[in-house]
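Subject: Structure for you to look at

Hello,

Here is the structure for your files. Please open it first, and then read the notes below.

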Amino acid sequence: MALKGDEVAGIESESVVTNPVAFPRLSDAQLKRLRSYGTPQTVEVGDVLYGPGDGTYDLIVTDDATVEIVQPATHDGPEETLVTFGPGSFLGELNMLTGQAVYLLARVVDEGRVHRIAPARFRQLMAEDTELSDILLEAFRARREVLTHTSASRGLELVGSAMDSASLALRTYAARRRLPHLWFDADSVAGQSLIAAASLTTSDLPAALMPDRVLTRATPGELAETLGLSYRGIDTGDSVDVTVVGAGPAGLAAAVYASSEGLTTVLLDSVGPGGQAATSSRIENYLGFPSGISGAELTERAEAQALKFGTRLSAPCEIVALECDEHLRAVLADRTDIPTRALIVASGARYRSLTLERWDEFVGAGIFHAATELEARSCADGPVTVVGGGNGAGQAALFL
């Protein structure tokens, strides 16, 4: 869950280092194995190891250097140090697996030596060393959760109308991809201040503000392209072994099974990971979770598992055609071809609608096909009608 713009003040980011999962202490033997995948480098005070906009970055292991992670200055706030890593630590978070472009700054504050583990070697590490890969994966997941509740959220600020379908689509995408971000209602005091600070007008909304750019009338596709989360091809060759269409529970499971067997796997979804499950506040009939689990948590766990094995997840990403000449090729909306040896379609269900005039105009702006925290905020001050008698309707009624 992301913070609202008026909730970020007063958060003590320094306390995050007490989280033993997000910031584990590695043994000397574990550090030795970790360093063996990297290349040593001497660093000086002020050196920037990676910064916002970098398409990728190395996993950094600090030997005797100290590095601070900084949220750069934004339209509505100064630069801020989030956490400091001392000797015997490792830098990195979930974007090492998702491929998201760097949005924080890593700067040396005490000189010394570090080991840099390049992306290809990092993937090798994740495949070869089960103990370290489990530690890294859990740390990355926990760090992303920590970042969503610190000033790191200022790195992506979304502003728009609470009852606008385009704004809801943008917020839904950010929530599905677990992007640290802040949401500002354009009608709130904080929203008006941000709009003024960024010299925006109502015709520019919804907007996505980052330290180095502003996207006006932003769409999930444009945001994904900017953040490096759109389909950018596979660096292991011209074709892939398996392409999975649809990132709901079935698609995520297929991606886990395929990539865990060493197959080059691409997972595509037109909205974001989770499918219909991501719209459920609680699922109690899913195998392996007798006490129930939220759709968001189920999705997050499955996505992390797929990413651990090397699945490339791209969303929003829509397939518009399949071509089969000499090879099977999935064709994206921008006419990009994905040559693939096998394709699995797990596109899920389509929602039915009532035969009412102007229905489509109000989908996402008063009519919703989900009952998550995002939709609940939009209708918190008024009456709600739940239409339907299945278990999804019952879950929605209980949650609301």
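Proline 206 is found in the loop between helix 6 (189-197) and strand 12 (207-210). Helices (H or I, at least four residues) and strands (E, at least two) are DSSP runs, numbered from the N terminus. A cis peptide bond joins leucine 205 to proline 206, with omega about -5°.

Before the rest, the ground rules. This is a predicted model, in which local features need pLDDT of at least 70 and side-chain atom pairs count only at pLDDT 80 or more, while totals for chains, interfaces and linings use all residues. Residues are numbered from 1 along each chain as its sequence is written, and side-chain values use heavy atoms, with hydrogens and water left out.

Backbone

Another cis peptide bond joins alanine 315 and proline 316, with omega about -5°. Proline 316 lies in the loop between strand 16 (312-314) and strand 17 (319-324).

Serine 199 is in the loop between helix 6 and strand 12. Its phi is near 55°, a positive value in a residue other than glycine. Serine 199 counts as exposed, at 64% relative accessibility; buried means under 20% relative accessible area, exposed over 50%, and partly exposed in between (1.4 Å probe, protein chains only). Arginine 178, in the loop between helix 5 and strand 11 (182-185), also has a positive phi near 55°. At 17% relative accessibility, arginine 178 counts as buried.

Aromatic pairs

Rings of Phe, Tyr and Trp (its six-membered ring) pair if their centres lie within 6.5 Å; planes under 30 degrees apart count as stacked, over 60 as edge-to-face and the rest as tilted. By this rule there are 5 aromatic pairs. One of them is the tilted pair of phenylalanine 23 and phenylalanine 85, at 5.7 Å centre to centre and 45° between the planes. Phenylalanine 23 lies in the loop between strand 1 (3-4) and helix 1 (28-35) and phenylalanine 85 in strand 6 (residues 80-85), so this pair ties together parts 62 residues apart in sequence. Both phenylalanine 23 and phenylalanine 85 are buried.

Phenylalanine 90 and phenylalanine 140 form an edge-to-face pair, 6.5 Å centre to centre with 75° between the planes. Phenylalanine 90 sits in strand 7 (residues 90-91) and phenylalanine 140 in helix 4 (residues 130-147), so the parts tied together are 50 residues apart in sequence. Phenylalanine 90 is buried, with a relative accessible area of 1%, and phenylalanine 140 is buried at 0%. Phe90, Phe122 and Phe140 form one aromatic cluster.

Helix packing

The axes of helix 8 (residues 249-260) and helix 9 (residues 295-308) come within 9 Å and cross at roughly 25°. Axes are lines fitted to C-alpha atoms, for helices over the stretch in contact, and angles run from 0 to 180 degrees between N-to-C directions. Helix 8 and helix 9 are therefore roughly parallel (angles under 35 degrees count as roughly parallel, over 145 as roughly antiparallel, 65 to 115 as roughly perpendicular and the rest as oblique). The contact (heavy atoms within 4.5 Å) is made by Leu252, Ala255, Val256 and Ser259 of helix 8 and Thr299, Ala302, Glu303, Gln305 and Ala306 of helix 9.

Helix 4 and helix 9 pack at about 135°, with axes 11 Å apart. That makes helix 4 oblique to helix 9.

Regards
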